[in-house]
Amino acid sequence: MSEAILAVVILLPILGGVLIPLLPFKNRTQMMVYTEGLVLIDSVLAITMLFQQPQGSFVLFRFTSNLTLSFHLDGMGTVFAAIVSVLWPLCVLYAFEYMEHEKHEKIFFMFYVITFGVTLGIALAEDVVTMYCFYEMLTLVTLPLIMHTLTREAVLASRTYLYYSLGGAAFAFIGVIFILIYGTTPNFTPGGVLDLAAVGDRVNILLLIYVLCFMGFSVKAAMWPFSSWLPQAGVAPTPVTALLHAVAVVKAGAFAVMRVTYYSFGPDFVRGTWAQNVVMALAIFTIVYGCSRAVKETHIKRRLAWSTVSNLSYILFGAAIMTPLGLVGALSHMVAHAIMKICSFLCAGAVICKTGREYVHQLDGFGRKMPKVFAAFTVAGLALMGVPGLCGFISKWQLVRAAVDSQNPLAYAGVAALMISALLTAIYMLTIVVRAFFPRKDFDYDTIRDVKDPGWKMLLPFAIFVIAIVVIGLHSRPLIQGLESIAAQLP
Amino acid sequence: MDAWILLPVILPVLAGVILLLSLAFDKKKNGGGQPDREPGAEELHSLHGYVAAVLAVSAALALAAALSGEHSVTLFELLKGIPVYFHVDDISRLFAIVISIVWLVVAFYSFVYMKHEGKEQRFYGFYLIVYGVLMALSFAGNLVTMYLFYEIMTLTSMPLVLHNGSREAIMAALKYLFYSMCGAYLGLFGIFFLYKYCDTLTFTAGGTLNPGLAQGNVTILLIAVFGMLVGFGAKAGMLPLHAWLPAAHPVAPSPASAVLSGVIAKAGVLAIIRVVFYVVGPDFLRGTWVQTAWMTLTLLTVFMGSMMAFREPVFKKRLAYSTVSQVSYILFGLSVLSPVGMTGALLHVVFHMVIKCALFLTAGIFIFQCGETRVEQFRGIGKQMPKTLWCYTFASLALIGIPPTSGFVSKWYLAQGALEAGVGVFGIVGPAVLLVSALLTAGYLLPITTSGFFPGGIVKHVKAEEKQDSNLEPSLEMLIPLAILAALAVLLGLFPNPLINFASRIAASVM
Amino acid sequence: MNFANLASNYEEAVAMLLFVIGFSNLLLQKNLIRKIIGLNIMDTAVYLFLALKGYIAGRKAPIVVDGVQSVKAYVNPIPSGLVLTGIVVSVSVSALMLALTIRLYRRYHTLDLDEITTRLKKEGL
Amino acid sequence: MEFVQNFPFFSILLSLFSGPLCSVIGGKAARRINLVVITVVGAMSASVLHFTIRSGEAYVYLMGHFPAPWGNEIRVGVLEALMALFFCVVMFLSMVGGSLERALEIEAEKENLYYVMVNLLLSSLLALIYTNDLFTAYVFVEINTISACGLIMIRQNGRTIEAATRYMIMSLLGSGLLLLGICFLYDMTGHLLMSNIKEQVQILHATGDYHISLLVTVSLMSVGIAIKSALYPFHAWLPDAYGYSTLSSAAILSSLVSKGYIFLLVKIFYRVIGFDIVRDSKIVNILFAFGVVGMIMGSVSAIKEGNIRRMIAYSSVAQIGYIYMGFGIGTTAGVIASLYHILSHAATKSLLFVAASGITDASGESTSFFDLTGAGYRNKLAGVAFTVGSLSMVGFPMFSGFISKLLFAQAAVDSAYYKMLPALIALAVSTILNAVYFMKTVIRIYTPADREEIQRRGFRNVTMADQKAKSAALVCFIILNMALGLCSEPVVRLLSEGLQMFA
């Protein structure tokens with residue numbers, strides 16, 4: 001029965017979240033304690049489970065005899081589940097301080113907590129149908145979070161998000177169907193499940209479907225040409241942008257892409273075909289495109305969002321290399337980017353929340369006034385650039401190692417794109433840092449007299465993330481070994 | 001344990017960080033008021049004492065580390081099979097020693113100079129950190145370690161450029177940053193491929209490229225190496241990524257320009273030496289299109305730099321273009337891939353470091369004492385500050401390469417190396433370009449001397465009138481460092497043999 | 001196409017011709033009354049066709065007055081039954097259509113359906 | 001012969017005769033009778049379904065005592081009983097859900113006439129489902145048309161009369177073609193009973209005689225029914241008819257009437273012609289093409305529409321396209337998917353219509369898209385129901401639409417190349433388009449409106465207590481929808497068993 005915990009960690013936040021607006025909390029503190037407690041308990045449960053590694057699978061529900069909602073923990077799921085269960089409690093903590101002045105807090109936290117469960121559902125899904133279901137559900141439960149402020153932009157943004165996500169899912173759905181029909185099993189199996197005998201002469205069709213499926217799932221990972229929803233969604237409160245649009249939602253897209261690539265269609269099936277070239281070219285283009293847009297953007301959160309677009313395509317690029325090393329690269333960037341981006345987003349959020357300034361040119365001299373926030377931001381920025389010694393370098397190294405190893409000329413181009421992107425990252429991150437720490441000489445600090453560092457609820461996550469960035473950057477061995485052992489399962 | 005060789009790295013970095021942090025805490029105490037209040041004289045004294053002490057101790061340690069034989073330290077594994085690894089070899093030695101001396105000398109000069117720029121504490125904080133990073137860069141024992149400190153050096157030296165906080169300074173700093181980053185990433189691009197096709201990334205004289213692995217992947221490898229040359233060449237001001245130099249130098253404080261031009265530009269050279277002679281191996285490049293392209297680029301840079309300097313009226317910008325041109329002398333010496341050429345290049349590294357620092361210090365004195373930046377304003381300046389101008393003249397002669405100054409020695413070797421290397425038409429074109437460039441160098445440096453001493457009439461300087469004093473000679477604290485550097489520029493040319501032997505030993509070891 | 005066949009089955013051909021005439025009237029006429037007439041022509045054409053199918057040359061209607069003769073003496077009665085049913089249907093449908101037409105005419109004083117639609121759009125309903 | 005076997009016949013008769021009965025009694029009584037009739041018929045269908053499942057085979061019921069080929073027959077199997085039951089359920093809920101609107105929109109003295117029409121409609125639907133005689137089918141098609149027309153025009157305004165007229169004209173065109181097709185078949189085979197015709201058609205097909213005539217016949221009938229069931233591009237009458245008639249009518253029309261015709265088409269394909277012959281005749285390819293185009297174009301029209309009722313109506317065009325696409329795939333899997341979609345769409349579309357009316361109730365009866373802003377807060381249940389309906393339409397897991405999408409896609413994957421890709425891509429594109437207009441509306445109703453605006457316009461909050469009947473209907477619809485989405489397997493099994501029995 002120990003497998004039941006797989007379902008418990010998913011359902012606990014979903015059900016507990018639904019209760020938030022229903023329970024009669026006397027004051028905000030009670031609600032905070034309940035919410036944080038719920039998330040914390042669940043993430044502790046999840047992490048315990050990750051250490052125990054239950055081997056079996058748990059069937060929650062059967063649509064039909066072969067269509068089930070079932071959960072199983074494997075290596076890749078462990079990585080994703082670990083990321084979200086570590087980040088969620090911290091971001092909830094941060095959200096308490098951030099959301100202090102926003103309306104409809106209870107609704108917000110309800111969906112925020114539910115999303116936790118749904119994301120875990122994606123991570124722990126045993127088969128492609130379960131993943132698809134939770135993937136769709138994720139769209140739905142995150143929608144109110146984007147709409148939260150209910151301004152015109154928020155509504156427009158949420159609409160765009162919805163169209164893109166559902167549209168992507170619609171195309172991904174085709175892929176899911178093909179896996180169901182041409183696969184030996186819907187379950188994720190390292191190396192893929194395609195029954196090549198059944199495929200017969202339909203290889204090209206199947207490759208086309210793979211491309212559709214890849215593109216469909218990568219809508220959530222904001223791959224060009226489906227990337228414009230992400231910067232728009234930046235109107236959401238920062239805890240949402242930080243956690244969902246830097247980690248949970250977008251990584252869910254990348255995760256799904258990796259799942260179908262490495263565990264359903266199988267890398268061997270696609271490697272070396274036109275399909276690989278198509279998806280890789282798209283990822284490479286997005287890497288550069290996202291960065292260029294980020295450089296042009298002056299709104300902080302949107303700039304970071306474009307940066308996310310580019311960085312997610314790093315992951316997709318890793319997935320598109322379709323070698324075990326590529327998987328290692330993609331997964332390591334998934335981990336690294338989660339920490340770096342969430343850290344930088346939280347900093348941006350702290351600035352917006354505490355001072356109401358949203359544009360880069362308004363940040364002159366902030367480094368002096370919010371030293372802790374901007375120190376964290378600088379570290380995150382340097383990590384994003386890939387400065388050695390920080391986690392961004394590690395993941396980039398893994399990605400490029402895979403690309404160089406694959407001996408695919410397009411992958412070489414991808415390496416070049418990564419370098420261009422790193423340069424552009426330097427431009428869009430460091431301009432902020434330089435502005436904040438080194439304002440013009442005639443800058444009048446009186447204009448930002450009231451600016452100061454936020455409280456401990458916000459600072460604690462920063463500290464943890466910065467430490468994580470550095471620790472992973474300096475001592476990446478255990479992480480990489482873990483990821484390599486996952487990749488080693490691929491045939 | 002040889003871990004003590006890291007002390008010259010850690011000590012200044014720590015000391016610098018403490019300076020910066022205390023700056024931040026100082027702010028807090030002031031209750032967020034005007035953060036940049038002027039420090040009192042006493043505070044300044046103790047600051048100078050602190051910086052001087054830290055630098056002196058670190059430089060002593062660095063010299064000790066450099067002179068006491070082979071050392072190596074492995075810290076921890078950054079990536080699988082790639083530790084952060086330091087190793088002191090001859091190249092490290094050469095760079096560490098010269099950098100330490102120059103850094104120390106310039107520091108003394110800056111104690112006075114920085115009074116007029118302000119924000120000393122911040123400046124010295126970064127100044128110390130950059131020194132530590134440069135030591136680490138010199139001692140780095142593998143490519144990734146070197147890359148690590150190369151990036152950090154870029155980041156930490158940037159505040160030196162934007163020091164005065166004007167719009168141009170910030171823009172120039174960003175330009176510097178992005179050009180360097182662009183170069184660094186081109187370098188990183190190459191590192192990835194070298195990691196795949198080399199036995200190890202640890203520096204080994206003569207290269208570690210695995211011919212078996214490289215077989216069939218020569219094209220991509222050549223592209224990667226070329227990328228690295230161009231990339232690391234950015235720091236060294238090589239075409240096409242040279243544009244940051246003329247932007248960054250004029251706006252930086254003069255001590256900063258001096259070390260940027262004299263030392264940090266050489267970090268690019270160091271990186272290229274490491275890549276070409278210690279990882280890829282010169283044999284792999286010899287005769288390929290990469291070598292041809294490299295030589296073409298360097299010669300173009302040499303010529304273009306001199307031309308631009310010749311046309312430039314702003315003194316520090318002129319010196320900056322001169323750096324562009326001169327550093328490419330070094331790169332040209334390397335690009336011919338012959339022992340003699342490399343010897344010349346290494347000699348020129350040392351000489352140019354000394355000379356260019358001297359020149360920039362002179363420029364600093366002109367600015368400090370007269371507030372003048374344009375060449376035509378320097379007419380008659382020899383009357384007010386003859387000692388300074390004499391120092392300038394010696395340094396200039398050395399840079400042009402008039403025997404028996406140091407520049408002559410290095411250029412001789414460079415030209416000889418080009419002729420001997422068997423690089424076809426470049427064997428002729430190279431020395432010719434060097435010669436033309438030397439003439440141009442004379443053309444842009446010497447007029448200052450001539451018009452300084454012989455203005456052809458009486459020229460009054462505004463500053464001199466203010467001071468009611470026709471003697472604008474700077475204080476000894478500024479003059480002595482300049483004099484030391486100028487003297488070195490000449491003396492190294494008179495007694496070059498130990499250095500030549502040392503350089504040719506290095507060159508012989510890699511080829 | 002075998003025109004000889006067509007000629008020998010000229011009754012069916014006529015029925016089809018009528019059907020097409022009725023169909024196109026129903027579809028294309030603007031005037032509602034004409035549409036209804038078209039509908040009736042169309043239905044009638046089908047009845048003609050059915051009646052033709054039921055009729056077998058030289059036989060009598062299956063009305064038994066003098067004891068049952070051989071089955072072969074009578075025409076097929078079922079089509080006649082179908083025609084009757086069809087007529088009932090078409091009458092009721094025509095009646096409904098006419099009722100609708102009257103309603104529309106009372107409201108809009110025109111029999112042109114498109115014009116009514118345009119007017120409705122103007123009303124903004 | 002068990003007693004329960006009489007039920008289909010009884011249910012047709014019951015609803016048929018309760019129609020005239022309603023014409024002579026008052027509105028209220030008529031309403032009660034109507035609900036009772038639907039309930040009784042539903043119960044009878046359920047017991048028939050139970051019986052057929054247990055017996056495991058279809059049976060033939062003679063009307064009067066003439067055996068085939070002379071008499072008129074009813075043929076009952078699992079599929080028929082299931083459809084009948086389902087139609088009753090949806091009709092019952094639609095009637096309950098729309099009771100408030102009926103009271104407002106129908107002149108009191110004519111209310112009983114409305115129930116005449118509903119009862120007749122039910123009887124004609126049942127007859128279409130059960131009958132085994134082609135000409136009987138035609139007659140009931142016409143009855144269906146007339147009563148549907150009545151349902152549309154009972155709400156007396158210019159639009160509905162115009163819509164009714166258009167509906168009549170299109171329907172008559174369609175039934176004319178259908179009638180002609182039936183006459184041709186009769187001409188060729190000499191039979192009117194489906195089973196007998198099929199035997200003859202098989203023989204004709206085997207000998208190759210009348211090849212062209214057969215093709216023409218099948219085309220005539222298919223096109224006729226396609227026109228009647230509003231397959232794109234024959235849909236011009238539909239938005240007005242659904243958009244302006246009273247709520248119950250719209251719900252019934254969209255979810256049942258067109259489905260009755262489609263069921264007749266399935267019957268013709270399987271029981272009259274034989275599906276193999278239909279497939280070989282390539283007529284399915286034409287249906288497929290029109291279906292795919294309809295899927296897209298219907299949604300495109302819906303996106304452009306600013307009136308929520310008409311938008312839902314246009315969505316029906318798209319959904320009809322799905323169903324024809326399923327037929328067009330030309331495999332049993334495709335037909336099962338289509339049949340499932342008939343159920344799923346019936347449950348969803350009437351849910352949407354009822355929910356939309358709940359939403360408009362809270363927006364001052366305005367159907368204009370912009371007035372709906374924030375309506376989801378003013379009428380919570382309707383908001384939730386509309387969201388459920390929309391998600392189902394978009395094919396969200398857990399709801400019925402997901403299963404039909406799944407079935408369609410699976411059917412498509414197993415089909416020929418040239419159908420697989422268009423079908424799959426059309427499915428995906430259509431999903432996106434559905435998302436565009438349905439989710440746009442969902443977001444709109446959950447975007448809070450200006451408080452002043454609400455007060456100025458006098459929008460009121462609607463609670464469940466205000467509209468008990470509608471709320472109950474909505475809840476039942478939601479449950480029905482989710483039941484179809486979550487426990488689809490037994491339904492699909494019944495459909496496939498039924499289809500086997502059917503032929």
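Which residues in α14(D) meet which residues in α18(D)? In this predicted model, Tyr322(D), Gly326(D) and Ile329(D) are the residues of α14(D) that meet Phe408(D), Ala411(D) and Ala412(D) of α18(D). By class, this contact of α14(D) with α18(D) consists of five nonpolar residues and one polar residue, with no charged residues. Two packed helices are described by the angle between their axes and the distance between the axes. For helix α14 (residues 308-329) and helix α18 (residues 400-413) of chain D, the angle is about 30 degrees and the axes lie 10 Å apart. Because angles under 35 degrees count as roughly parallel, α14(D) is roughly parallel to α18(D). The crossing of α14(D) and α18(D) is left-handed.

Helix α5 (residues 113-123) of chain C packs against helix α7 (residues 158-189) of chain D at an angle of about 150 degrees, and the two axes are 10 Å apart. Since an angle over 145 degrees counts as roughly antiparallel, α5(C) is roughly antiparallel to α7(D). The crossing of α5(C) and α7(D) is left-handed. On the side of α5(C), the contact is made by Leu113(C), Ile116(C), Thr117(C) and Leu120(C), while α7(D) contributes Gly158(D), Arg159(D), Glu162(D), Thr165(D) and Arg166(D). By class, the residues of this contact divide into three nonpolar, three polar and three charged.

At the level of whole chains, three pairs of chains touch, and the pair with the most contacts among them is that of chains A and B. Between these two chains, 33 residues of chain A are in contact with 36 residues of chain B. The side of chain A that touches chain B receives two or more residues from each of α15 (366-369), α17 (391-406), α18 (409-437) and α20 (477-488) of chain A. The largest share of this side, eleven residues, comes from α18(A). In terms of class, the side of chain A that touches chain B has 21 nonpolar, four polar and eight charged residues.

Chain A also touches chain D, with 22 residues of chain A in contact with 21 residues of chain D. Here α5 (128-147) and α6 (152-182) of chain A each supply at least two residues of the side of chain A that touches chain D, and the largest share of that side, 14 residues, comes from α6(A). The side of chain A that touches chain D comprises 16 nonpolar, four polar and two charged residues.

Chain B, by contrast with its contact with chain A, does not touch chain C, the nearest C-alpha atoms of these two chains being 61 Å apart. Chain B and chain D likewise do not touch, and their nearest C-alpha atoms are 40 Å apart. Chain B itself has 21 helices and two strands, and its C-alpha trace spans about 75 × 55 × 40 Å along its principal axes. A compact globule of 511 residues would have a radius of gyration near 24 Å, and the value of 22 Å for chain B therefore agrees with that expectation.

Within chain A, strand β1 (residues 57-62) and strand β2 (residues 68-72) run antiparallel and are joined by five bridges. The two strands form a hairpin, with five residues between β1(A) and β2(A). Across this pairing, Phe58(A) stands opposite Phe71(A) in β2(A).

Conventions
Residues numbered from 1 in each chain as written. Chains lettered and ligands numbered in written order. Predicted model: local features only at pLDDT ≥ 70, side-chain atom pairs only at ≥ 80, totals over all residues. Contact = placed C-beta atoms within 7 Å. Helix = DSSP H or I, 4+ residues; strand = E, 2+ residues; numbered from the N terminus. Nonpolar A, V, L, I, M, F, W, Y, C, P; charged D, E, K, R; others polar. Pairing = 2+ DSSP bridges. Axes fitted to C-alpha atoms, helices over the stretch in contact; angles between N-to-C directions. Parallel < 35°, antiparallel > 145°, perpendicular 65-115°, else oblique. Left-handed = near helix turned anticlockwise from the far one by under 90°. Rg over C-alpha atoms; globule rule 2.2 N^0.38 Å.
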